[in-house]
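Visitor: Please show me the structure, and then I will ask about it piece by piece.

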Amino acid sequence: MRNRWTSWAIAAAGLLVWEGLARIGIVPTLFFPAPSSIVANLGDLASSGELAEHLGISLLRVLLGFLIGGTAGLAIGWLTGWFPSLRHAVDPLVAAVHPLPKVALLPLALVVFGLGERANVVVVAAAAFFPMMISTMAGVREIPAIYFEVARSFGATRGTVFRRIVVPGSLPATLTGVRLAANVALLVTVSVELVSTDAGLGNRIWFAWQTFRIEDLWAYLVVISLLGVALMTAVRVLDRIAVPWRHLT
């Protein structure tokens, strides 16, 4: 808790310094408006309804992409972590596709799925898939082999082994994958919106750049940062509920 308060204090001090330098003219406010001006502009965007509209659109894309990609990554991560033969078969494909920038897949998705939301969601899902899969697979592989041997000794079925060993044993790493996948889904959603949509937070950032509305640009950047903090906090709460033994020390 002390470390957390320290980080917030450092952030607040940085904002105060920025505010002071902007007010005395050392920082060029044309490009770096004072934090108070950004907050005021953010309030205007919220009161006009523009912020809620575009935030809702972006959140829907993040949610759909995360659910589709994350669910597929979770299932395949369990299977590849549990069955070495399947892991060896899938590893080369993961090694080849995972390093590709997922935004670079957007033109291919547009060709296959056409213009519209499906292509955007597919790209976000592809981005969320790999962090979830790799984290879950690593979590299953870290489960001590003795657990599986004891289960086989007592005649446990594969279904029982999956429910009682694979899922709970990999849960800490899986929740790490949830956090990574959610953050990557947000990042790719904004990136996709910069180039291929007519609504969303990324689109508003691009529009603000085109019209040189710098305060709007900063306001939407702040919203994305706060959204990232909210996602991180939600995953931490979920982690404390689902894996309480990790927080006993």
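Visitor: In which loop is proline 144 found?

Guide: This is a predicted model, in which local features need pLDDT of at least 70, side-chain atom pairs count only at pLDDT 80 or more, and totals for chains, interfaces and linings use all residues. Residues are numbered from 1 along each chain as its sequence is written, and side-chain values use heavy atoms, with hydrogens and water left out. Helices (H or I, at least four residues) and strands (E, at least two) are DSSP runs, numbered from the N terminus. Proline 144 is found in the loop between helix H6 (117-141) and helix H7 (145-153).

Visitor: Is proline 144 buried, partly exposed or exposed?

Guide: Buried means under 20% relative accessible area, exposed over 50%, and partly exposed in between (1.4 Å probe, protein chains only). Proline 144 has a relative accessible area of 38%, so the residue is partly exposed.

Visitor: How far apart in space are proline 144 and phenylalanine 66?

Guide: In sequence, proline 144 and phenylalanine 66 are 78 residues apart. In space, taken C-alpha to C-alpha, the distance between them is 30 Å.

Visitor: How far apart in space are histidine 88 and isoleucine 10?

Guide: Histidine 88 is found in helix H4 (residues 84-97), and with 55% relative accessibility it counts as exposed. Histidine 88 and isoleucine 10 are 78 residues apart in sequence. From C-alpha to C-alpha, their distance in space is 46 Å.

Visitor: How many helices and how many strands does the protein chain have?

Guide: From the N terminus on, the elements run α-α-α-α-α-α-α-α-α-α. The count for the protein chain is 10 helices and zero strands.

Visitor: What percentage of the residues of the protein chain count as buried?

Guide: Along its principal axes, the C-alpha trace spans about 75 × 50 × 30 Å. The protein chain has 249 residues, and the share that counts as buried is 37%.

Visitor: Of the contacts between residues at least 6 apart in sequence, what percentage join residues at least 24 apart?

Guide: Contact means heavy atoms within 4.5 Å. Among contacts in the protein chain between residues at least 6 apart, the share joining residues at least 24 apart is 72%.

Visitor: How many salt bridges does the structure hold?

Guide: Side chains of opposite charge can pair when their charged atoms come close. A salt bridge is a side-chain nitrogen of Lys or Arg within 4 Å of a carboxyl oxygen of Asp or Glu. The structure's number of salt bridges is four.

Visitor: Why does the pair of arginine 204 and glutamate 50 tie together parts that are apart in sequence?

Guide: The side chains of arginine 204 and glutamate 50 meet in a salt bridge (3.8 Å, N to O). Arginine 204 lies in helix H9 (residues 201-210) and glutamate 50 in helix H3 (residues 50-82), so the parts tied together are separated in sequence by 154 residues.

Visitor: Which helices does the pair of glutamate 193 and arginine 61 link?

Guide: The side chains of glutamate 193 and arginine 61 meet in a salt bridge (2.8 Å, N to O). The two residues are 132 residues apart, and the distant parts of the chain that they link are helix H8 (residues 158-196) and helix H3.

Visitor: Where is phenylalanine 212 found?

Guide: Phenylalanine 212 has a positive phi of about 55 degrees, although it is not a glycine. With 47% relative accessibility, phenylalanine 212 counts as partly exposed. Its place is the loop between H9 and helix H10 (214-242).
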